[in-house]
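This briefing covers one protein chain for a reader working with its coordinates.

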Amino acid sequence: MRKFFQSLLAKYMLLIVLAISIVQIGYLFIAIFIAGVADSFEKNDAREEYDFEWIEEKWHEETNQLDAITDKQINDYFQKWGEQFPEAAMFWVDGNGILKEQFHVDKKLPEQWTAAYTAKFIKDRYDGNPFTVIAFAGGSEANGLVVFEMPRENFSTPVEKVYDKFGSILFVGMIVIILLFIFISFLFFRGIRKRLLYLQEAMEIRDVDGLPIKIDVKKKDEIGHLEQTFNQMVDELRDSKEREQEEEELRRELIANLSHDLRTPPLTKINAQTYKLTKQDLPATTQDALRTLASSVDNIDRLIENLMSYTLLMASKYKLEYKEVDIARFTRECIASWYPVFEKAGFHVHVDIDVGMDHTWHVDPNWLTRIYDNLLQNVLRHASSGKYVEIKIESVANYDAVVISDHGHGLKVDSDQKGAGIGLSIVDKMVKGMELDWTMDTNEQGTTVKIINDRLYSGKS
């Protein structure tokens with residue numbers, strides 16, 4: 001039950017009940033106010049309510065009963081009616097059209113009444129305001145007209161008078177009540193919207209570890225429960241990431257240890273025993289088998305070395321030391337160490353490098369050597385059909401590039417950045433780690449790899 005009263009549904013229902021209550025209470029106070037004021041009006045006006053028909057009949061009846069039509073008699077007659085109807089105005093126009101007597105008449109009337117003016121007066125007063133009753137004195141036209149006038153407002157009931165006097169105030173009061181409800185509703189829903197937007201922003205913000213940040217839970221309603229669930233999700237994601245990092249670290253250590261254990265001593269012993277056997281006087285077929293064995297051992301050694309290097313790179317533990325390197329001289333020295341290998345494999349090696357070039361790269365020599373070794377090893381493995389490799393340096397206004405091309409059947413790759421295997425993955429990591437760039441264009445006519453140093457970006461020349 002406590003959770004229900006803390007929920008948004010309970011708050012919204014309370015808001016609706018409050019709105020209905022405000023309206024009902026408003027009507028109740030209005031009714032009490034009207035009843036009280038109306039009662040006050042009735043007490044101040046200690047007489048029966050006016051009735052149009054009764055006054056009209058009574059006026060005609062008593063006016064017709066006048067026998068001696070004199071100024072005094074008419075004046076006494078007016079005094080009598082004035083006591084009962086103090087708001088009324090009365091006057092007498094005799095048979096000659098002369099205004100004779102007036103009682104409580106506020107506006108100026110003509111002293112002489114013509115037939116035309118009398119007709120116009122009667123027409124203007126018909127169903128108009130003030131309420132007017134016209135009768136012949138003594139029931140005879142010769143005695144002239146006796147006129148009774150009273151504002152129609154005096155015929156209103158006390159309640160009608162209250163509405164006439166305070167209606168605009170009551171209307172404004174009801175509008176204020178409605179606006180108050182709208183304002184409270186606006187605050188309620190604005191609060192909900194603000195909290196939802198805050199939760200959305202928290203979902204989009206990332207901490208230093210790339211995970212969403214936790215938010216403060218201030219209320220225990222539905223949105224508060226959603227915020228708690230979101231915080232729980234963040235905790236679970238953080239725990240999962242920590243476990244993943246621990247597992248990744250264990251995997252890298254395992255690969256590194258296995259790589260080291262496989263290279264030394266097993267591969268070292270195999271290489272040593274293979275070398276001993278090659279020195280023996282053995283048949284040609286055995287010598288070929290030994291050479292194949294030695295080549296396979298070398299390939300395994302390189303694969304293990306690549307695997308260990310890739311693991312260290314992914315763990316950011318591969319040491320990087322920048323130096324100023326003359327790229328032309330450095331590249332020629334690296335190619336020179338590979339020249340016998342290509343010559344032995346029957347490759348035609350074309351080197352187009354001008355050692356007089358004065359272009360210095362800010363790189364790690366060990367990393368760059370490893371890049372060259374992996375790329376040239378790929379040429380040996382995948383371009384043996386073309387028996388051709390070209391190494392050159394392109395130099396234009398904006399960049400220098402080391403270009404390695406072959407005439408093989410190409411590499412089956414998913415993208416230029418992924419490479420054909422772990423060797424090219426290491427190339428990608430190392431090139432980008434030294435803030436260089438590289439491209440690879442491969443097809444059935446061959447493969448071309450460019451390692452690019454953007455001078456405008458690096459500031460080197």
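Of the 461 residues in the protein, 35% are buried. The model is a predicted one. Its secondary structure comes to 12 helices and 11 strands. Among contacts with a separation of 6 or more, 66% are between residues 24 or more positions apart.

**Nonpolar cores**

- The largest nonpolar core has 40 residues, and within this core Phe342, Ile371 and Tyr372 touch the most other members.
- Two or more residues of this core come from each of the helices α9 (327–344), α10 (365–382) and α11 (422–433), and from each of the strands β7 (360–363), β8 (388–395), β9 (399–406), β10 (437–443) and β11 (446–454).
- The element that gives the most to this core is α10, with eight residues.
- Phe342 touches Phe347, Val349, Leu376, Val379, Leu380 and Val389, when residues up to four places away in sequence are not counted.
- Another core, of 20 residues, lies apart from the largest one, and its members include Trp59, Ile74, Val146 and Met150.
- As general background, nonpolar side chains in soluble globular proteins tend to be buried together.

**Cavity**

- A search of the whole structure finds one cavity of 30 Å³ or more.
- The volume of the largest cavity is about 120 Å³.
- Its lining consists of 14 residues, and those nearest the cavity centre are Asn378, Val379, Asp406, Leu411 and Thr447.
- At least two lining residues are supplied by each of α10, β9 and β11.
- By class, the lining holds seven nonpolar residues, six polar and one charged.

- Glu149 is found in strand β4, which spans 145–150.
- Glu149 counts as buried because its relative accessible area of 8% is under the 20% limit.
- The side chain of Glu149 makes a polar contact with the side chain of Arg125, at 2.7 Å.
- Beyond its neighbours within four places in sequence, Glu149 is in contact with Ala88, Ala89, Phe91, Phe121, Arg125, Pro130, Phe131 and Thr132.
- One of these contacts, Pro130, sits in the loop between α5 (115–125) and β3.

**Gly138 in the β3–β4 loop**

- Gly138 lies in the loop that runs between β3 (131–136) and β4 (145–150).
- At 25% relative accessibility, Gly138 is partly exposed.
- Gly138 and Gln65 are 73 residues apart along the chain, yet their C-alpha atoms are separated by 5.6 Å.
- Not counting residues up to four places away in sequence, Gly138 touches Thr63, Asn64, Leu66, Ile69 and Asn143.

**Backbone geometry to check**

- Most residues other than glycine have a negative phi, and most peptide bonds are trans.
- The peptide bond that joins Asn129 and Pro130 is cis, with omega about 15 degrees.
- His104 is a residue other than glycine with a positive phi, near 55 degrees.
- His104 is placed in the loop between β2 (99–103) and α5, and at 45% relative accessibility His104 counts as partly exposed.
- Lys387 also has a positive phi, near 55 degrees, and is not a glycine.
- Lys387 lies in the loop between α10 and β8, and is partly exposed at 35% relative accessibility.

**Leu282 between two helices**

- Where is Leu282 found? The residue is in the loop between α7 (222–278) and α8 (284–314).
- Is Leu282 buried or partly exposed? Leu282 is partly exposed, because its relative accessible area of 30% falls between the limits of 20% and 50%.
- Leaving aside neighbours within four places in sequence, the contacts of Leu282 are Leu277, Gln287 and Leu290.

Technical notes:
Residues numbered from 1 in each chain as written. Predicted model: local features only at pLDDT ≥ 70, side-chain atom pairs only at ≥ 80, totals over all residues. Heavy atoms only, no water. Core = buried A, V, L, I, M, F, W, Y, C linked by side-chain atoms within 4.5 Å. Buried < 20%, exposed > 50% of the residue type's maximum accessible area, 1.4 Å probe, protein only. Helix = DSSP H or I, 4+ residues; strand = E, 2+ residues; numbered from the N terminus. Contact = heavy atoms within 4.5 Å. 1 Å grid on protein atoms, 1.4 Å probe; cavity = no way out; pocket = protein on both sides within 12 Å on 5 of 7 lines; lining within 4 Å. Points joined across faces, edges and corners; volume = space filled by probe spheres on them. Nonpolar A, V, L, I, M, F, W, Y, C, P; charged D, E, K, R; others polar. Polar contact = N/O pair within 3.5 Å; in protein donor to acceptor, adjacent residues only side chain to side chain.
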